[in-house]
Structures are given as C-alpha cells and as structure tokens.
Amino acid sequence: QVQLVESGGGSVQAGGSLRLSCAANRSILGRNAMGWYRQAPGKQRELVADITAAGSTNYADSVKGRFTISRNTAMNTVYLQMNSLKQDDTGTYYCKAVISGSINNSAYWGRGTQVTVSS
C-alpha cells in the first residue's frame, strides 16, 4: 500500500512563495509518475504539474513559469515550488502517485494541504 503525505501549505500574500512536499512511504518515485493537483472551493480537482518516471515534467498553463515540480528519489519525496502566487492559486493541493502494474495502473492520493493566497 502506498501512502502519501503532503506538507508545506499555508497562508501567503500574493506574490509570495511556498514549497510543498509529498513524502511516500515506499521507494516509488524513480519508477512511477507523480503529480500535484489542486481543488478550489466549488471547483473540480485539476492537474497542476506532474513528473513521469523518466523525469519529464508537465504543467498547467496557469502555472507555467511560476511553479516547478521536482523529486528526490533517495528521499521518496516530490516537491512543488510555487512562486509569484496569485489568489487564483488558493485551494487544497493533493499529491498523486500512479503505480504501474503488470496489467493496469493504480492511483494513490494524499489527504491534501491547504494553500491560501490573499491580496
């Protein structure tokens, strides 16, 4: 069973920065895709950024140039560096792992960490 624990959320003024961390309880990062998603009140959960097993990254248009996803495979941790934060970035941020299986893939989610950006 894969467990993911997010941390690093908080309240920040617009223009500020936060770094989120997602720690996995198993050594999975170098072999599986990981991603950060967010959900604002009343809205659907959306992809923010993800990183493949090979290390390729992908970002939502709304965060390109401001957010950076990275990983430390030795620490089993994925990070999301968020700079130039805007009020629209407010929401609960979730970490997701997609574990490749022989027949199909399995998805695991963390419980989320709250990010609040004020004007």
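View 1. Cys95 counts as buried, at 0% relative accessibility, where buried means under 20% relative accessible area, exposed means over 50% and partly exposed lies in between (1.4 Å probe, protein chains only). Cys22 is likewise buried, with a relative accessible area of 1%. A disulfide joins these residues, Cys22 and Cys95, with an S to S distance of 2.1 Å, and a search of the whole structure finds one such link, taken as a pair of cysteine sulfur atoms within 2.5 Å. A disulfide is a covalent bond between the sulfur atoms of two cysteines. Because Cys22 lies in strand 3 and Cys95 in strand 9 (residues 91–99), the pair ties together parts that are 73 residues apart in sequence. Strands (E, at least two residues) are DSSP runs, numbered from the N terminus. This is a predicted model, in which local features need pLDDT of at least 70 and side-chain atom pairs count only at pLDDT 80 or more, while totals for chains, interfaces and linings use all residues. Residues are numbered from 1 along each chain as its sequence is written, and side-chain values use heavy atoms, with hydrogens and water left out.

**View 2. The aromatic cluster of Tyr37, Tyr94 and Trp109.** Rings of Phe, Tyr and Trp (its six-membered ring) pair if their centres lie within 6.5 Å, and planes under 30 degrees apart count as stacked, over 60 as edge-to-face and the rest as tilted. A search of the whole structure finds two aromatic pairs. Tyr37 and Trp109 form an edge-to-face pair, at 5.0 Å centre to centre and with 65 degrees between the planes; Tyr37 lies in strand 4 (residues 33–39) and Trp109 in strand 10 (residues 106–109), so this pair ties together parts that are 72 residues apart in sequence. Tyr37 is buried at 17% relative accessibility, whereas Trp109 is partly exposed, with a relative accessible area of 36%. The rings of Tyr94 and Trp109 have their centres 6.5 Å apart and their planes at 85 degrees, so that pair is edge-to-face. Tyr94, in strand 9, and Trp109, in strand 10, are 15 residues apart.

**View 3. Arginines over aromatic rings.** A charge sits over a ring if NZ of Lys or CZ of Arg is within 6 Å of the ring centre and within 35 degrees of the ring normal. Arg45 lies over the face of Trp109, at 4.6 Å from the ring centre, and Arg19 lies over the face of Tyr79, at 4.2 Å from the ring centre.

Definitions and conventions: Helix = DSSP H or I, 4+ residues; strand = E, 2+ residues; numbered from the N terminus.
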